[in-house]
Structure formats: C-alpha cells, structure tokens
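Student: Could we go through this structure together, one topic at a time? I would like to begin with the charged side chains.

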Amino acid sequence: QVQLVQSGGGLVQAGGSLRLSCAASGSIFSINDMGWYRQAPGKQRELVATITSSGSTNYADSVKGRFTISRDNAKNMVYLQMNSLKPEDTAVYYCNADIRKYGWVYSRNYWGQGTQVTVSS
C-alpha cells in the first residue's frame, strides 16, 4: 500500500506565503517525478510544478518566480513554497508522485488527498 499525505495550506491574504508538504509512505522501491497540481472551481486540474529525482524542476508560467518546489529523497517528501500569493492562486492543491513499489516492474501515479489554498484580496 502506498499513499501520499498532504499538509499545509489554508487562508492567506494576497502577497502572503504558504508552504505545502506531501509525504509518500508504504512499500516504496523508488520515486521518479514528483509534483504539484491545482484545481480551481469550474476549471480543469493544471500543473503547478514538477521535480525529478535528480532535482530538475519545471514550473507553470503563472507561478514562475513565486513558487518553489523541492524534495527530500531520504524522507520521500515533496514541498511547495508559495510566495507572493495572488487571489487567482486559490484552488485545491494536489501532490503527485510516480512511484515504483517493491516487487513491481513498473511505476504508477499516485495522488494526495488535496488541500485547499485560499488567497483573499
């Protein structure tokens, strides 16, 4: 059994900061890419940022320069530091990881439970 458990999020004023964390646990052999996605009301889920196992990062244009993704491979965790938050960043944020379990040949995608981020103007 593998699961991703998120923490962080909440309500913040525009210009403020929040940090999201996501811990992967279970029978994990290896973790490839990890990332964060978000879904605003009435909109499709969109990519926010991803990070490879070696630390290469990719960001949506809308968050470049404001958000920073990082990971701790020893702890199987991924983080999203969000600065200079804007009302349009309001959404449910989901962590994602491509995980290979012990005894499995292939990896598969797993999702966290989601956490609400609300930015007030």
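**Salt bridges and their surroundings**

Tutor: A salt bridge joins the side chains of Arg-38 and Glu-46, with N to O at 2.7 Å. The term denotes a side-chain nitrogen of Lys or Arg within 4 Å of a carboxyl oxygen of Asp or Glu. Please note that this is a predicted model, in which local features need pLDDT of at least 70 and side-chain atom pairs count only at pLDDT 80 or more, while totals for chains, interfaces and linings use all residues. Residues are numbered from 1 along each chain as its sequence is written, and side-chain values use heavy atoms, with hydrogens and water left out.

Student: Is Arg-38 buried or exposed? And what about Glu-46, buried or partly exposed?

Tutor: Arg-38 is buried, because its relative accessible area is 6%, and buried means under 20% (exposed is over 50%, partly exposed in between, with a 1.4 Å probe and protein chains only). Glu-46 has a relative accessible area of 37% and is therefore partly exposed.

Student: Which salt bridge does Arg-38 make with Asp-89, and where do the two residues lie?

Tutor: The side chains of Arg-38 and Asp-89 meet at 3.0 Å, N to O. This pair links distant parts of the chain, 51 residues apart: Arg-38 is in strand S4, and Asp-89 is in the loop between strand S8 (77–82) and S9. Strands here are DSSP runs of E with at least two residues, and helices are runs of H or I with at least four, numbered from the N terminus. Asp-89 counts as buried because its relative accessibility is 1%.

Student: Changing topic: how many disulfides does the structure hold?

Tutor: The structure holds one disulfide, a disulfide being a pair of cysteine sulfur atoms within 2.5 Å. Cys-22 and Cys-95 are the residues joined, with S to S at 2.0 Å. The partners come from distant parts of the chain, 73 residues apart, with Cys-22 in strand S3 and Cys-95 in strand S9 (residues 91–101).

Student: Is that disulfide right-handed or left-handed, and why?

Tutor: The disulfide of Cys-22 and Cys-95 is right-handed because the torsion about its S-S bond is about 45 degrees. Cys-22 is buried, at a relative accessible area of 0%, and Cys-95 is buried, also with 0%.

Student: What does Ala-24 contact, leaving aside its neighbours within four places in sequence?

Tutor: Ala-24 lies in strand S3, residues 18–26. With those neighbours left aside, Ala-24 is in contact (heavy atoms within 4.5 Å) with Gln-3, Leu-4, Ile-31, Asn-76 and Ile-99. At 7% relative accessibility, Ala-24 counts as buried.

Student: Now the pairing of strands. How many bridges join S4 to S5?

Tutor: Five bridges join strand S4 (residues 28–39) to strand S5 (residues 46–51), and these strands run antiparallel. Two strands pair if DSSP finds at least two bridges between them. Trp-36 stands opposite Ala-49 in S5. The hairpin of S4 and S5 has six residues between the strands, and Gly-42 in that hairpin takes a positive phi near 75 degrees.

Student: And what joins S5 to S6?

Tutor: Three bridges join S5 to strand S6 (residues 57–59), again antiparallel. Ile-51 stands opposite Thr-57 in S6. Their hairpin has five residues between the strands, and Gly-55 takes a positive phi near 100 degrees.

Student: Last topic: how many residues are in the largest nonpolar core?

Tutor: The largest nonpolar core has 31 residues, and those with the most contacts inside it are Trp-36, Leu-80, Met-82, Tyr-93 and Ile-99. Such a core is a set of buried Ala, Val, Leu, Ile, Met, Phe, Trp, Tyr and Cys residues joined through side-chain atoms within 4.5 Å.

Student: Which element gives the most to this core?

Tutor: S9 gives the most to this core, with five residues. As for Leu-80, its contacts beyond four places in sequence include Trp-36, Ala-49, Phe-67 and Tyr-93.
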